[in-house]
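Colleague: I would like to learn how to read an interface between two chains. Can we take it feature by feature?

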Amino acid sequence: MTNLEKYRNAFVEGLGVSEDQVDGLTFQAVPEWDSVGHMGLIAALEEAFDIIFDTDDIVDFSSFDKGKDILKKYDVVIE
Amino acid sequence: MNSKIIEYPSFSICLIEAASADEIPEASADKLYRIEIPYHRDNINTMIKKGYLFADRTIGVTVNLRNDSIEYKKMIRFDIRPACAEEDDILRIALTSFPFDSRFHVRPVQDDNIASEIICSWVDNMSGTYVCVHKGQIVGFLDLEPYGDRDCFVWLAAVKERYRAAGAAVSMYAKAVLVAKEKGYEKLHGRISSGNTAVMNLYASLGGTFSEPWDVFVRNE
C-alpha cells in the first residue's frame, strides 16, 4: 500500500467517511469530523504510519491537505 | 414541583422543576423564569398558553464508571490537572463558550448581560474544576461535582474554540471519568442540550447512555 493509500484509508477508517469524501476534506465539513472523529483520525494515522503526533500538530491538523504537510515533519511523504 | 428564586444584582430568576406542564403557574411579567419539565408532546402548547416559550430540549447522560472496556487513558492527549487559582482564565473561557445555552440565556431574545451574570455565578460556585493546559495556557476547563451519595456530575465544561477540534474536550472528559473512578464514584452524569451533537458524540465515545429528555421553557416577552 502506498503512503497515499494508507493516508486516505486512515480518513475512511478513522472518520467513518466514504472514499469519495476524503479529497479536500476539512474539519467539521462533515458530521463525522467532529472532535471525537478527529481523535479517531489521529489514532488511525498514528497506527498507519507508526508515529505519535505532537499536541501542536493535533491542534493544527485541520484538513486532508494540511495533514500531508504535517506528516512531512514525521518523515512521512504522502504522494 | 421544586421552585426557587435566585437573586442577581440586576434581576431575579425563578427556577422551576416540575413533573408536568400542568403544575407550572402562569408566567408573571416581573420575573425571569427557567422551567424544566419532562418531555411530553403537549408541553409546548400548554406552556404557550401560560405565557412561556420553548427554549431547549436537554438529555441526561450517564457513564457507568464500573465499565473497564474503554481505554480512557489513551484518550487523554492534553495536560489535564486540578485548577489552581485560575479563576480568571476559566471565567474568560466560560463567557465566550455558551452563546446560546439555555442555562444562561433565559430570555427569548439574546441578552448577553444576563447570561454573563449567570455564568459568573456558575463559575463562582464551581469547586471541583480541572483545567486543560497547552503550552502554559489554560485552553479549557471541566467541573466535576458530587451527585448524591455515589455519583458525580459534570457541572460545566468548555474549551477555547481553536482547541475543540484538537481533542482537548475529549481529553478533559476522559480525565473526568478516570478521576471519578479513582474517587470511587459509581456513575458520572451530565445534562446536555439535544442540539449539542458534538458533546453527545463525545459522551457516546466514553460509553455514555442517554435518557430523560427534559424540555426547558422561558417566559415569553
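**Reading the chain A and chain B interface**

Modeller: Start with one residue. S171(B) is buried, with a relative accessible area of 0%. The model is predicted.

Colleague: Where does S171(B) sit in chain B?

Modeller: S171(B) belongs to helix 5 of chain B, residues 168–182.

Colleague: Which residues does S171(B) touch, leaving out those up to four places away in sequence?

Modeller: They are M75(B), I76(B), R77(B), F78(B) and I80(B). The side chain of S171(B) also reaches the backbone oxygen of M75(B), at 3.5 Å. Keep R77(B) in mind, a contact of S171(B).

Colleague: Now the interface. How is its size expressed?

Modeller: The size of an interface is often given as the accessible area lost when the parts come together. Here chain B and chain A bury about 1300 Å² between them. Carbon and sulfur atoms give 59% of that area.

Colleague: How many residues are in contact on each side?

Modeller: Chain B brings 15 residues, and they contact 15 residues of chain A.

Colleague: And the polar side of the interface?

Modeller: Count the pairs, then ask where they come from. Between chain B and chain A, 7 residue pairs are in polar contact, with both residues at pLDDT 80 or more. On the side of chain B that touches chain A, two elements give two or more residues: helix 4 (161–164) and helix 6 (197–205) of chain B. Helix 6 of chain B has the largest share, with 4 residues.

Colleague: Take me through the pairs. Which residue of chain A meets R77(B) in a salt bridge?

Modeller: E46(A), at 2.7 Å from N to O. R77(B) lies in the loop between strand 4 (52–64) and strand 5 (79–82) of chain B, and E46(A) in helix 2 (residues 35–49) of chain A, so the pair joins two chains.

Colleague: Is E46(A) buried or exposed?

Modeller: E46(A) counts as buried, because its relative accessibility is 13% and the cut-off is under 20%. R77(B) is partly exposed, at 22% relative accessible area.

Colleague: Which partner does D60(A) have?

Modeller: R162(B), with N and O 3.3 Å apart. This pair also runs between chains: D60(A) is in helix 3 (residues 55–60) of chain A, and R162(B) in helix 4 of chain B. Both are partly exposed: D60(A) has 26% relative accessible area, and R162(B) has 48%.

Colleague: What does K135(B) pair with?

Modeller: D56(A), in a salt bridge whose closest N and O atoms are 2.6 Å apart.

Colleague: What about salt bridges within a chain?

Modeller: Look at K74(B) and E71(B). They form a salt bridge, with closest N and O atoms 3.7 Å apart. Both K74(B) and E71(B) are exposed.

Colleague: Which residues of chain A are linked in a network of salt bridges?

Modeller: R8(A), E19(A) and D23(A) are linked in such a network.

How values were computed: Residues numbered from 1 in each chain as written. Chains lettered and ligands numbered in written order. Predicted model: local features only at pLDDT ≥ 70, side-chain atom pairs only at ≥ 80, totals over all residues. Heavy atoms only, no water. Contact = heavy atoms within 4.5 Å. Buried area = accessible area lost by both parts, 1.4 Å probe. Salt bridge = Lys/Arg side-chain N within 4 Å of Asp/Glu carboxyl O. Polar contact = N/O pair within 3.5 Å; in protein donor to acceptor, adjacent residues only side chain to side chain. Buried < 20%, exposed > 50% of the residue type's maximum accessible area, 1.4 Å probe, protein only.
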